[in-house]
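Hi,

Here's the structure I said I'd pass along.

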Amino acid sequence: MTLPPNHPPVAAPRIGVLLVNLGTPDAPDAPSVRRYLAEFLSDRRVVEIPQILWQPILRGIILTTRPKKSAHAYAQVWTENGSPLAAITHAQSEALPPLFGDAVQVAYAMRYGKPAIGPAIDALMAAGCQRILIAPMYPQYCAATTATVVDAVGEHLKTLRWQPALRYLPPYHDDAAYIGALKASVDAGLAALDFTPDVLLASFHGMPERTLHLGDPYHCQCRKTARLLSEAMGRPIEVAFQSRFGRAKWLEPATDTQLETFGRAGQSVAIFAPGFSADCLETLEELAIRGKEQFEAAGGGRFAYLPCLNADTPGMAMLETLMRRELAGWL
Ligand SMILES: C=CC1=C(C)c2cc3[nH]c(cc4nc(cc5[nH]c(cc1n2)c(C)c5CCC(=O)O)C(CCC(=O)O)=C4C)c(C)c3C=C
Ligand SMILES: [Fe+2]
Ligand SMILES: [Fe+2]
């Protein structure tokens, strides 16, 4: 191709995929956690209280007390590659291109903190990706997670002269590929144990209960995931919702309450978190460390935490299947 003199360079057209997860602090210290929480908890889709009421509570109470406590929790799960959520999402972005014969360029971004969505889209465009599949890494749709990714992408597009063509990976809570990947992963996790758990407990991130009544499909999609997995595995799966925040009523039953109930009954438990595409603070610290302590303190027997799909083969093969479907006509 011959360009006229002084013409800006034009990259060969390519297809991009942008994995987007929630976000995580840059370091396991209070100032970094404060910066992260200030951005995350100021999102009107995450905390649906009028800002005039919420900001004084956030600035005056939450951001003065929580960062120190949360930094301590992050420090317990931090890895040499940084926050588990960032390290695993990065690994997922590196595992995907070979599955497409390098026909797609894959990047990752975080909704809050870094790497931010805008610069990640700019980098894909600079590499020639004029068609981009945005993949919110949430199997179950929730306004507080999926919709806020779309909001952030839209905000960035407003600033662009040359906008890419976009597609969005839909929620995949009931997709056969997802249920199959969960089954493979949970089966492998159970096979590696030296005991057979009485209870298999699926723990999903909680949400205020009012979001269900306002029409958010999240609760129903979590329940459906668990039902389909239970049918596929041919065994009962208990469901609970974790990480309660604030004073409002959240979806029930709560994971900590259920762990205590099973503990008091002297049962053994294997717990896993099918709504998280990558292990993070909420799984590695809240479930695998604190959940185990609560369960044992209540008198529970054996306890196991089974990891998320992460960058392992079943999860990556699932993403390849879902993405090939969404990229039809582009690839
Ligand atoms: C109002 C508060 C919160 C809502 C609503 C909420 C929804 C929600 N979150 C996830 C996934 C993740 N949350 C994570 C951390 C986290 N979540 C909240 C609060 C709400 N989440 C807080 C305050 C925190 C920070 C940690 C803490 O201080 O306890 C994470 C992990 C991040 C990490 O760095 O590892 C994930 C992932 C979903 C899926 C969801 C709604 C469905
Ligand atoms: Fe959360
Ligand atoms: Fe429901």
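H205 has 27 C-beta neighbours inside 10 Å, so this residue counts as buried; the cut-off for that is 20 or more. Bear in mind that this is a predicted model. H205 sits in strand 5, which runs over residues 199-205. Ignoring neighbours within four places in sequence, the contacts of H205 are Q242, S243, G275 and E282.

Leaving out residues up to four places away in sequence, E282 touches H205, Q242, S243 and F276.

Why look at the two together? The UniProt record (an unreviewed entry) puts the feature "binding site" at H205 and E282. They span 78 residues in sequence, but no two of their C-alpha atoms are more than 8.2 Å apart, so they gather at one spot.

I also went through helix 6. Which of its residues are buried? Y178, I179, A181, L182, S185 and V186. They cover an arc of only 160 degrees around the axis, which puts them on the same side of helix 6. A176 and A191, on the other side, are exposed. The cover over the buried residues includes helix 8 (218-233), strand 7 (269-272), strand 8 (303-306) and helix 12 (313-326).

Cheers

Key: Residues are numbered from 1 along each chain as its sequence is written. Chains are lettered from A and ligands numbered from 1 in the order in which they are written. This is a predicted model: local features need pLDDT of at least 70, side-chain atom pairs count only at pLDDT 80 or more; totals for chains, interfaces and linings use all residues. A residue is buried if 20 or more other C-beta atoms lie within 10 Å of its own, exposed if 12 or fewer, and partly exposed in between; C-beta atoms are placed from the backbone. Helices (H or I, at least four residues) and strands (E, at least two) are DSSP runs, numbered from the N terminus. The arc is that of the directions from the helix axis to the C-beta atoms. Two residues are in contact if their C-beta atoms, placed from the backbone, lie within 7 Å. UniProt positions are given in the numbering used here, feature names are shortened, and annotations may be inferred rather than shown by experiment.
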